[in-house]
Amino acid sequence: MEDEIFEQRTDLTQLSAAVEQIKATLGKIIVGQQDAIDLLIAGILADGHVLIEGVPGVAKTLMAKLMAKAIDAKYSRIQFTPDLMPSDVLGTSVFNPKTTDFEFKQGPVFGNIILIDEINRAPAKTQSALFEVMEERQITIDGMRYQMDEPFIVLATQNPVEQEGTYRLPEAQLDRFLFKVEIRYPSLEEEINILAQQHQQVTSEQLAHIEPILSRGDIISLRKIVKGLRVEAKVLEFVAKIILETRSNKSLFLGGSPRASLAVVNAAKAFAAMRGRDFVTPDDVAWVPPSVLRHRIMLTPDKEMEGVSPDEIVKQIIQKIEIPR
Amino acid sequence: MASASASTDAVPKKTVILRADTSGTVNVRHFDANALKNYTRDKDFRYEQAKDLSWWETFWQWIWDWLAGLFKFKKVPGNWILTILSILWRIIELIVLVGGVAALIYFLLKAGGVDVRSIFRRDSAAIVPYSESDENINTINFDAEIEKAAAAHNYRLAVRLLYLRCLKQLSDAGAIEWKIDKTNYAYISELKNDTQRSAFSSLTRRFEYIWYGEFAIDARSYNDISLAFNQFNQQGS
């Protein structure tokens, strides 16, 4: 009876199949970290960039590499170092003696899936080179504008700022990441599984045999579907209330921007699609804010001194806002 | 005496000869008591208080004088034990005074319904204003409202009310704990009875598709859904 009433308005078959396949592929190599994998997939479906943070050795880069491998698109990797210059990322104009003219040599940022490893080891000068390309998907150099090919996804990894030799990323750049995915230490069971896999050399073999699951075209069409998902007016109001509260919260020095509101809605749409629905429910929304806001909001110095985490504040904010129904 | 110098261009010098006082008597002079009295009576010589103070300035003058008096410790000349005792006594007086004022404030706040302990409690996070819609599920006359919505062919609203009534009944029965921040999924997970959870999950799905998904339903579909909700409520009660 239910199926009679709720005929599918949107065909989510390809999306669901792709999501399951990616999860299964990544799950063969990455032990645990289900939430992180879900967020990575949602980030790609929601047309966002993802920042993966964790202490050294928790498979951040491996996860990003696997995700890049699952997509059949131009992949490039940039290792961020303290002496990296903006031109090393974007590209530079080089004089060609044959033509007696300057030619633009594209940097590694020209690609579809850009893996920026250890992003916070480069100073703010280099980070600012990414501002335009991350938001507008274009680069302007020497008065010329270069449009990025679709899809353009930045998957960046970083160590927590407390680690040696790291810089805090500029707020403007952090705001451009849809999610900050935190990779935590595995549990005892997961740790044993990792050891067993490594002992049998399963990881390196499987990594070499990963076949792309989605093409560039697939990603573009899936993103179109996700963008078209329905969000009821009260659910939008729910999102707006959450973000508005971050701006007036006494524990926060910096709240969420309108870009953060859009990010919550887009991410919730991606999760709804992953759950097989063509509309967003408050459940989809409630799951998203910690990952969308934890890198965007800034705690007041006293709260930071007390050791309060942004996730705790976000959780408390959500708890005080009525679920629309 | 002065004597002129022989040189004509030099400045003449004066020689002063002081005579030795050989009288041996000292004349002690006294203030004129009457003159003193006159001076003290004269208003022009009264400097204790500035003239033309406003009532506000007078009030603060009084406060400061009173505070200064509080911390004035008496010294007993020649007896240090009494001096210390006097200081101790003044300290006890001050403690009693501060304690009395604090107790008075405490009782006044308590009488006013203020949670006094919460003022001093260190909250680890922000106090977020409680946000709740004007609608209260405990005060809605569900039967009447559902009937009204169905009669107006507003089946979407009717399904919403059916779902809210279902939540209220589960809450009244103690199967779930109603809280504004709980999502539908949270309520589903809260149900311990497997059959009940499965049935409620199905009803939740229907509500979500109609309310959030804005799926259009006709009278026939509404009747089916309404029946499913009623059956669930009867089984639960």
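1. Setting aside neighbours within four places in sequence, A:Leu155 is in contact with A:Val50, A:Ile52, A:Ala64, A:Met67, A:Ala68, A:Ile113 and A:Leu115. Contact here requires that the C-beta atoms of two residues, placed from the backbone, lie within 7 Å. The model is predicted: local features need pLDDT of at least 70 and side-chain atom pairs count only at pLDDT 80 or more, while totals for chains, interfaces and linings use all residues. Residues are numbered from 1 along each chain as its sequence is written, and chains are lettered from A and ligands numbered from 1 in the order in which they are written.

2. A:Leu155 also belongs to the largest nonpolar core, which has 118 residues. Such a core is a set of buried Ala, Val, Leu, Ile, Met, Phe, Trp, Tyr and Cys residues joined through C-beta atoms within 7 Å. A residue is buried if 20 or more other C-beta atoms lie within 10 Å of its own, exposed if 12 or fewer, and partly exposed in between, with C-beta atoms placed from the backbone. The members that touch the most others are A:Leu40, A:Val50, A:Leu155, A:Val264, A:Ala267 and B:Val159. Helix α13 (residues 258–274) of chain A supplies the largest share of this core, 11 residues. Helices (H or I, at least four residues) and strands (E, at least two) are DSSP runs, numbered from the N terminus.

3. Chain A has an open sheet of five strands, ordered β3-β6-β9-β1-β10, with parallel pairing. Two strands pair if DSSP finds at least two bridges between them. At the edges are β3 (75–79) and β10 of chain A, each pairing on one side only. From one strand to the next the twist averages 15 degrees; axes are lines fitted to C-alpha atoms, for helices over the stretch in contact, and angles run from 0 to 180 degrees between N-to-C directions. Within the sheet, β1 (residues 49–53) and β9 (residues 153–158) of chain A are joined by four bridges in the parallel sense. A:Leu51 has A:Ala156 as its bridge partner in β9(A).

4. A separate strand pair is antiparallel: four bridges link β7 (residues 138–141) and β8 (residues 144–147) of chain A. A:Gln138 has A:Gln147 as its bridge partner in β8(A). This hairpin has two residues between the strands, and A:Asp142 takes a positive phi near 50 degrees.

5. Chain A is assigned domain 1 (10–184 + 192–227) and domain 2 (228–325); the bounds come from an automatic or database domain assignment. The C-alpha centres of the two domains of chain A are 23 Å apart. Contact between them involves 25 residues of domain 1 and 20 residues of domain 2. On the domain 1 side, β10(A) gives the largest share, five residues. That side divides into 16 nonpolar, three polar and six charged residues. Ala, Val, Leu, Ile, Met, Phe, Trp, Tyr, Cys and Pro count as nonpolar, Asp, Glu, Lys and Arg as charged, and the others, Gly among them, as polar.

6. The contact between the chains takes 32 residues from chain A and 28 residues from chain B. On the chain A side, α17(A) gives the most, with six residues. By class, this side of chain A has 14 nonpolar, five polar and 13 charged residues.

7. Chain B has nine helices and zero strands. Of its 237 residues, 13% are buried. Among contacts in chain B between residues at least 6 apart in sequence, 44% join residues at least 24 apart.
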